[in-house]
Amino acid sequence: MPFDGTPYQNTWELAPIRCVLILAMARFVCPDKEIRIAGGREMHLRSLQATALQVANSLFLGDYLTSEGQDAQADIAMIRDNGFVILGAEDAFEEPAVEHDPAIRRRGAGTEVAANA
C-alpha cells in the first residue's frame, strides 16, 4: 500500500486484474500453501475481491495493523454470496430472514418520467 513517507508512497502499479493474476500464479506455484488476502485488497482488487477468493484460502476481516479495511459485515456477505463459509462460524453469521422487494422504478422506461429527468 502506498503509505506516505515510505518508498512506495506514490506508487500505483497494481491494477485489479494484475492482483488476481499474481494470486493465481502464487496458487499455481504453491498449490499446497495458505494464501491470504490482507491489507490493500479493497484498494487494489476493488470489485475483483470476490474473484480473488477463488484462488486464495482466506482473507483478513475488518481493519489491519496500519490501515483501515472495509466493514467486516460486507466481507462476510461477499464470502457468503460467493458460496464460501467461515470455518468454525458456519452459523454465527446467518442472514436475517428479510424479504427484499425489487426497487421501484421512479424514472426511465416504464414510467412517465424521462430517464435523465
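Just after helix α4, Gly83 adopts a positive phi of about 85°. Helices here are DSSP runs of H or I with at least four residues, strands are E runs of at least two, and both are numbered from the N terminus. The model is predicted: local features need pLDDT of at least 70, side-chain atom pairs count only at pLDDT 80 or more, and totals for chains, interfaces and linings use all residues. Numbering starts from 1 along each chain as its sequence is written, and side-chain values use heavy atoms, without hydrogens and water.

Now turn to the other end of α4. Asp71 caps the N-terminal end, with a side-chain oxygen 3.2 Å from the backbone nitrogen of Gln73. Between these ends, α4 spans residues 72–81 and buries Asp75, Ile76, Met78 and Ile79. Seen down the axis of α4, its buried residues fall within an arc of 160°, so they line one face of the helix. That arc is taken over the directions from the helix axis to the C-beta atoms. Buried means under 20% relative accessible area, exposed means over 50%, and partly exposed lies in between (1.4 Å probe, protein chains only). The cover over this buried set includes α2 (41–44), α3 (49–52) and β2 (58–59).

Asp75 counts as buried because its relative accessibility is 0%. Its side chain makes a polar contact with the side chain of Arg41, at 2.5 Å. A polar contact pairs N or O atoms within 3.5 Å; within protein, one must be able to donate a hydrogen and the other to accept it, and residues adjacent in sequence count only if both atoms are side-chain atoms. Beyond neighbours within four places in sequence, Asp75 is in contact (heavy atoms within 4.5 Å) with Arg41, Gln49, Leu59, Phe60, Leu61, Gly62 and Gln70.

Helix α1 (residues 16–29) contains Val29. Val29 counts as exposed because its relative accessibility is 56%. Together with Met25 and Phe28, Val29 makes a nonpolar surface patch of about 370 Å². Patch residues have over 30% relative accessible area and no salt bridge; like charges are joined within 9 Å, and nonpolar side chains (Val, Leu, Ile, Met, Phe, Trp, Tyr) within 5 Å. A salt bridge places a side-chain nitrogen of Lys or Arg within 4 Å of a carboxyl oxygen of Asp or Glu. Areas come from the Shrake-Rupley method with a 1.4 Å probe; for residues, only the protein chains shown count as cover.

Finally, the whole chain. The protein has four helices and two strands, in the order α-β-α-α-β-α from the N terminus. Of its 117 residues, 25% are buried.
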